[in-house]
Amino acid sequence: MVKKVIAVVGKEVYMLAILLVEMMWYKEDRTPDGAVLRRSYYHPVKIEEEVDLSGKGVFYKQCYYQQQGTTVFSNGDIFEKKSIEQKKKKCQTPFMQKHEREERSAARWSRKVQKERGSFYSIEEIKIPYLTISEEENESYRIKWYDNGIGMPRRRGGNEDLYIKGAKLAGQANILNETAFLLAEGEAGVLKYNCRCTSFEGQWYRCYYVYMVNEKQLTHDIFLRDYDYEYSQLADLF
């Protein structure tokens, strides 16, 4: 569902800034206290002062968290833990394999740090589950939600291209394909959604808060503001 919250006066030249906050937790942490702890991490954050905001394209920043009991780890904490575990196995690995693994690990770490601090990307480079972003006329951005309807939980909504002749998704009634909101000049919107994942290792859950701002000029506190639109797909996860 979409709700209008507040109007913001448009300005001159605009660009899109995105903040993705992702939280992961396991079945044993589906408790009232666990939910309260997770909610304290979903709020927007400030961009670090050292980050250069003079680039081109879409500014994209990630905050990834993983809950384990009463502790919430950031992406950096998780990566450091994995690095320590890998170092313990080094003595059992041939030198060439160790060197190649360390190079791959360093490259992954560099990419993670870049996304956590924030950087500039093209729209095509930004991959956020369930979302597509397209640039429209008049300095606006269309944010669309897509769910193929396979698996659980099932979500409510419809396919806005169902009866449009020639559309890619025309005639497909069992999918959810709709515009979450259209961000005009100076406006901002937030998307809130979750999902359940299952494998042979067990069951875990993810919740996403995606903050988007179409603003004249980037500032380090651009995400700390009132949001004009809210789109929610928070399903009951059992």
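**Figure 1. D147, a buried residue in β7.** In this predicted model, D147 is buried, with a relative accessible area of 9%. The residue belongs to strand β7, which covers residues 141-147. Who does D147 touch, once neighbours within four places in sequence are set aside? Its contacts are then Y130, R155, I175 and L176.

Figure 2. Y130 sits in the loop between β5 (119-121) and β6, and at 28% relative accessible area it is partly exposed. Its phi is positive, near 75 degrees, and Y130 is not a glycine. Most residues other than glycine have a negative phi. Ring pairs also join Y130 to a cluster with W145, Y193, Y208 and Y231.

**Figure 3. N138, another positive phi outside glycine.** N138 has a phi of about 60 degrees, again positive in a residue that isn't a glycine. Here the setting is the loop between β6 and β7. Is N138 buried or exposed? With a relative accessibility of 66%, N138 counts as exposed.

**Figure 4. Y41 and Y65, a tilted ring pair.** Searching the whole structure turns up 13 aromatic pairs. In one of them, Y41 and Y65 are tilted, with 4.9 Å from centre to centre and 55 degrees between the planes. What does the pair tie together? Y41 is in the loop between α1 (32-39) and β3 (58-68) while Y65 is in strand β3, so the pair links parts that lie 24 residues apart in sequence. The two partners can also be described by accessibility: Y41 is partly exposed at 26% relative accessible area, whereas Y65, at 15%, counts as buried.

**Figure 5. R38 over W25.** This view shows an arginine against a ring face. R38 lies over the face of W25, and the distance from the ring centre is 4.0 Å.

Figure 6. C63 is placed in strand β3 and counts as buried, at 11% relative accessibility. Along the chain C63 and L20 are 43 residues apart, yet their C-alpha atoms are 6.1 Å apart in space. L20 is also among the contacts of C63 beyond four places in sequence, together with L19, V21, E22 and V45.

Figure 7. Strand β4 (residues 71-74) pairs with β3 in the antiparallel sense, over four bridges. Which residue of β4 is the bridge partner of Q66? That would be F73. Two residues lie between the strands of this hairpin, and G69 takes a positive phi near 70 degrees.

**Figure 8. F181 and the largest nonpolar core.** The largest nonpolar core holds 30 residues, and F181 is among those with the most contacts inside it, along with I18, I128, L191, V210 and M212. Eight strands each supply at least two of its residues: β2 (15-26), β3, β6 (131-135), β7, β8 (176-183), β9 (188-199), β10 (202-215) and β11 (229-233). Zooming in on F181, its contacts beyond four places in sequence are Y141, R142, I143, G189, V190, L191, M212, Y229 and Y231. Another core, of 28 residues, lies apart from this one and includes V21, V72, A188 and F223. In soluble globular proteins, nonpolar side chains tend to be buried together.

Figure 9. G202 is found in strand β10 and counts as partly exposed at 28% relative accessibility.

Figure 10. Stepping back, the protein has three helices and eleven strands, in the order β-β-α-β-β-α-α-β-β-β-β-β-β-β along the sequence. Of its 238 residues, 43% are buried. Among contacts with a separation of 6 or more, 72% join residues 24 or more positions apart. The average pLDDT is 82, and 77% of the residues score at least 70. Residues 1-13 have a pLDDT below 50, and in the model this stretch has 33 contacts beyond near neighbours in sequence. Residues 82-88 also fall below 50, and that stretch has three such contacts.

Definitions and conventions. Residues are numbered from 1 along each chain as its sequence is written. This is a predicted model: local features need pLDDT of at least 70, side-chain atom pairs count only at pLDDT 80 or more; totals for chains, interfaces and linings use all residues. Side-chain values use heavy atoms; hydrogens and water are left out. Rings of Phe, Tyr and Trp (its six-membered ring) pair if their centres lie within 6.5 Å; planes under 30 degrees apart count as stacked, over 60 as edge-to-face and the rest as tilted. Buried means under 20% relative accessible area, exposed over 50%, partly exposed in between (1.4 Å probe, protein chains only). A charge sits over a ring if NZ of Lys or CZ of Arg is within 6 Å of the ring centre and within 35 degrees of the ring normal. Contact means heavy atoms within 4.5 Å. pLDDT is the predictor's confidence in each residue, from 0 to 100. A nonpolar core is a set of buried Ala, Val, Leu, Ile, Met, Phe, Trp, Tyr and Cys residues joined through side-chain atoms within 4.5 Å. Two strands pair if DSSP finds at least two bridges between them.
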